[in-house]
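Thanks for coming, everyone. Please bring the structure up on your screens. I'll be quick.

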Amino acid sequence: MIQAGGPGKSGDRGRLPLSDNYFWRVSMTGRYSPECCPEYLKPDNFQMLKDGLAERLSVHTDSVLGFLEKHDGPISRFALSDHMDWLSGRYFPLLEAEWQAIVDRAAAGARLIWRSAGSQTEYVNRAGVWVDMGGGTGANLEYSDPRIGHLAKLYVVDLSPSMLAVARNRIRRRGWQNVEIVQADATSFRPAEDAADVVTFSYSLTMIPDWVAAVENALAILKPAAQIGIVDFYVARESPADGWARHSWFTRSFWPFWFAAYSVFPSPDHVSLLHRHFAPAHFVEGWAKVPYVPLIRVPYYTFVGRKRGEA
Ligand SMILES: C[S@@+](CC[C@H](N)C(=O)[O-])C[C@H]1O[C@@H](n2cnc3c(N)ncnc32)[C@H](O)[C@@H]1O
């Protein structure tokens, strides 16, 4: 299906915008117009090429894989267009090798742009290592299936053997070959690869007594510019940072007291420590329903951030 006009506009599904589609124009009319042509042919951009930008181009006649194998330095931007569609249908192992080469050469924080109409896209992120700290029964992994199959490895780390037994059954049932259960402490666990692309804590940070050590361990494991994702209960500081939620004295006092009975410790310090160590890509503070207790709402946050300093 063709989806055009930007995300979320369901009325646009199936429509193809023609006004700036230079592929369409050139095939129907045989020519481009100044407004509807590739970016490099637009008058201002073409002038920049003539004024010297073209001298900075280095042209290689090679396959993408061939080029990457000969290229030494890190690459920060990849524009791959749609050549993978063709490889996907005919030479899938070559496509996998190409992606591995891209991952190997990509600089920290590199960006890629491509489009693909292939139905088999497991080459994307195959090299990724995800560590789910305090992963419990692995119930959250259900939300990520079928993308789990694209990962190099997913570790579900938890201290509780009974929770992990449930996770083990789930993994067997699901047939996830690349998921490993590890009984270990989130404050000290290290993956065999000694590095991770993503570390998550889902409602586990509040149950880890030395949660600062757990965050610092995640920081040590994560590759440069790699991501952390957290969802958990919390309470705001008495004087939160500008733009952050404020909680009443009652909220700040009641929830830590109530949760303590369940060995859960919502902290006013999670969000500031996370912002200090990670550049936030997403931070939302909200109120969640409490199971079986109508009308009551408990404060929680979701945070996704990149390891600071080395992007
Ligand atoms: C509330 S459960 C969340 C489970 C799962 N992440 C989820 O969202 O469904 C918290 C989990 O953290 C685990 N946990 C507590 N302290 C831990 C530690 N120091 N290291 C690893 N896991 C820990 C507990 O055993 C428990 O399974």
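This is a predicted model: local features need pLDDT of at least 70, side-chain atom pairs count only at pLDDT 80 or more; totals for chains, interfaces and linings use all residues.

Start with helix 5, residues 92-105. How far apart should its ends be? With 14 residues at 1.5 Å a residue, helix 5 should span 20 Å. The end C-alpha atoms are 20 Å apart, so expectation and model agree.

Now look at its sides. Which residues of helix 5 are buried? They are L95, E98, W99 and I102. These four cover an arc of only 95° around the axis, so they sit on the same side of helix 5. Here is the background. An α-helix has 3.6 residues a turn, so residues three or four places apart point the same way.

Turn to the other side of helix 5. There, P93 and D104 are exposed.

What covers the buried residues? The cover includes two helices, helix 3 (64-70) and helix 4 (83-90). It also includes strand 1 (75-81) and strand 2 (106-114).

Last stop, W249. Find it in helix 9, residues 249-260. Is W249 buried or exposed? It has 8 C-beta neighbours inside 10 Å, and 12 or fewer means exposed. So W249 counts as exposed.

One distance to finish. W249 and D145 are 104 residues apart in sequence. In space, C-alpha to C-alpha, W249 and D145 are 41 Å apart.

Note on methods:
Residues are numbered from 1 along each chain as its sequence is written. A residue is buried if 20 or more other C-beta atoms lie within 10 Å of its own, exposed if 12 or fewer, and partly exposed in between; C-beta atoms are placed from the backbone. The expected span of a helix is 1.5 Å times one less than its number of residues. The arc is that of the directions from the helix axis to the C-beta atoms. Two residues are in contact if their C-beta atoms, placed from the backbone, lie within 7 Å.
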